[in-house]
Amino acid sequence: MLNNHKKREAAFKAHYQQQRELAQKPLEQAKQEVTERDEFRKSLTLQTRELKNALIDDGLEAISVGFNRDPHIVVSFENYVFNRNDIDAIGLVLGRIAEHIDEPNAKYTIQLLNRGIPMLSVRGDIDNYREFINTSSTPDMDIRRGEMDPIGSVSWVGMPKANSPYFRPRVTVGPSLDSHFATEIGVYDFSLAIKADVDVPMWYGGGISVSAETEVAKTDDYEAGKPFGRFAKDSGVTQATIYQTLDLPYGIYNQTHIGFFKEFNDYTGIKNETAWLSENGRHQINAEIGYLEYDDFDLDRDYQTLSYRYNWVEQDVSFHATAGRFFYEDSGVKLETRFWFGDSYISVFAQDTDVQVAGIAFSIPLTPRKDMAPIRYGQIKGNEAWRHEVSTRIGESTNALVVGRAHTVKTPVNLDKTFLNQGRLSSSYIYSNLARLREAYLTYR
């Protein structure tokens with residue numbers, strides 16, 4: 001942040017020096033230079049205005065488009081339409097710039113925001129990127145996490161941050177499933193509910209999150225009084241919190257949820273998570289703590305976990321390890337390996353707390369690649385990363401049921417999925433998926 005402040009000061013001094021040199025020139029020469037600048041400005045104003053209108057039509061939000069005399073095009077935006085993967089939004093924006101800006105030797109900088117927080121910037125040459133779209137040649141791009149470098153003398157087209165994302169409810173609809181497979185009671189038992197998560201961004205980094213579900217189907221063993229009756233899905237509110245996200249120095253993000261949590265029983269409390277993502281995105285560390293009080297009795301739950309993830313982007317494989325004290329007072333470690341296929345993955349995991357468990361899991365998007373564009377009253381979309389898993393006890397002669405081991409509180413709005421693109425918001429991921437960057441523009445232009 002201090003470095004960016006110095007860069008802003010340098011940009012201001014350069015602009016001031018340019019104006020001073022203009023004032024010292026002969027009158028006729030100064031008039032001619034001003035006229036040339038005005039003609040140049042009119043040409044770029046028309047191009048950038050068309051660019052901005054195209055991005056609004058694409059459904060992007062908080063859009064700011066500007067330019068300076070270099071020429072350098074600047075675009076800042078938030079993505080709520082390509083919810084499966086931010087790389088599609090980045091590809092579309094870069095393609096739109098190459099489509100609408102035809103000034104020779106022009107450069108670009110785009111800034112991806114999330115709830116107002118600068119998450120990633122991309123900088124490069126427009127002609128070079130246009131060649132990438134036309135021929136698939138590798139583009140030269142400077143990709144950085146966080147806030148873009150300051151750019152001097154930028155003239156903004158219209159009002160900055162057009163199409164505000166705040167106070168628009170975002171409704172995510174998807175299944176909520178509890179199941180047991182191959183038990184002594186039956187081959188397969190389940191309780192299925194439809195879940196709706198409502199997220200309302202309201203200020204920089206923060207907002208309100210409410211989740212509710214209603215049961216739609218279940219097997220007989222999930223009826224009241226039956227073996228799995230207490231695990232059946234209830235109809236009603238399952239979570240209601242106020243959240244605040246902070247971007248801290250050195251690539252650290254922090255998020256706090258305060259409110260109501262239903263974890264079999266009703267709790268009120270706080271959940272906090274801190275994440276650090278390396279500059280190239282290969283390494284990620286998460287620390288999570290929670291303290292919740294049971295609403296009906298004098299009982300509380302607290303947990304503390306530390307996680308590490310390594311992303312082997314070239315092979316679409318990520319490795320995860322979590323250790324600590326979990327929600328139901330079991331302590332130990334959980335290991336998982338995820339094999340990615342686009343925006344889906346299949347994983348194998350093992351955990352050792354008070355019991356040893358191994359299993360498989362999968363995560364799939366239950367929403368189109370591009371969701372509906374938000375309207376004045378909000379947005380409805382599917383779950384972009386729905387996960388389900390099955391597991392069994394290992395290392396014992398019997399296979400007694402295990403429920404809630406290595407458990408932590410899950411929130412619909414979280415650092416990994418909502419802000420860090422499931423750990424994929426990095427230069428290494430984008431460079432490993434350049435074909436998708438280009439294909440996103442060619443598909444949705």
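I call a crossing left-handed if the near helix is turned anticlockwise from the far one by less than a right angle, and right-handed if clockwise. The model is predicted, so I took local features at pLDDT of at least 70 and side-chain atom pairs at pLDDT 80 or more, while totals for chains, interfaces and linings use all residues. Residues are numbered from 1 along each chain as its sequence is written, and side-chain values use heavy atoms, without hydrogens and water.

Helix pair. I looked up α3 (residues 86-100) and α4 (residues 126-135), and α3 passes α4 in a left-handed crossing. Their axes come within 9 Å and cross at roughly 110°. I therefore log α3 and α4 as roughly perpendicular (65 to 115 degrees). On the α3 side I found Gly 91, Leu 94, Gly 95, Ile 97 and Ala 98 in contact with Ile 126, Tyr 129, Arg 130 and Ile 133 of α4 (heavy atoms within 4.5 Å).

Peptide bond. Asp 70 and Pro 71 are joined by a cis peptide bond, with omega about 0°. I placed Pro 71 in the loop between β1 (61-68) and β2 (72-78).

Phi angles. Most residues other than glycine have a negative phi. Phe 167 has a positive phi of about 65° and lies in the loop between β6 (155-156) and β7 (170-181). Phe 264 also has a positive phi of about 65°; I found Phe 264 in the loop between β11 (252-263) and β12 (265-277).

Accessibility. Phe 167 is exposed at 54% relative accessibility, whereas Phe 264 is partly exposed at 41% (buried is under 20%, exposed over 50%, partly exposed in between, with a 1.4 Å probe and protein chains only).

Note on methods
Axes are lines fitted to C-alpha atoms, for helices over the stretch in contact, and angles run from 0 to 180 degrees between N-to-C directions. Helices (H or I, at least four residues) and strands (E, at least two) are DSSP runs, numbered from the N terminus. Angles under 35 degrees count as roughly parallel, over 145 as roughly antiparallel, 65 to 115 as roughly perpendicular and the rest as oblique.
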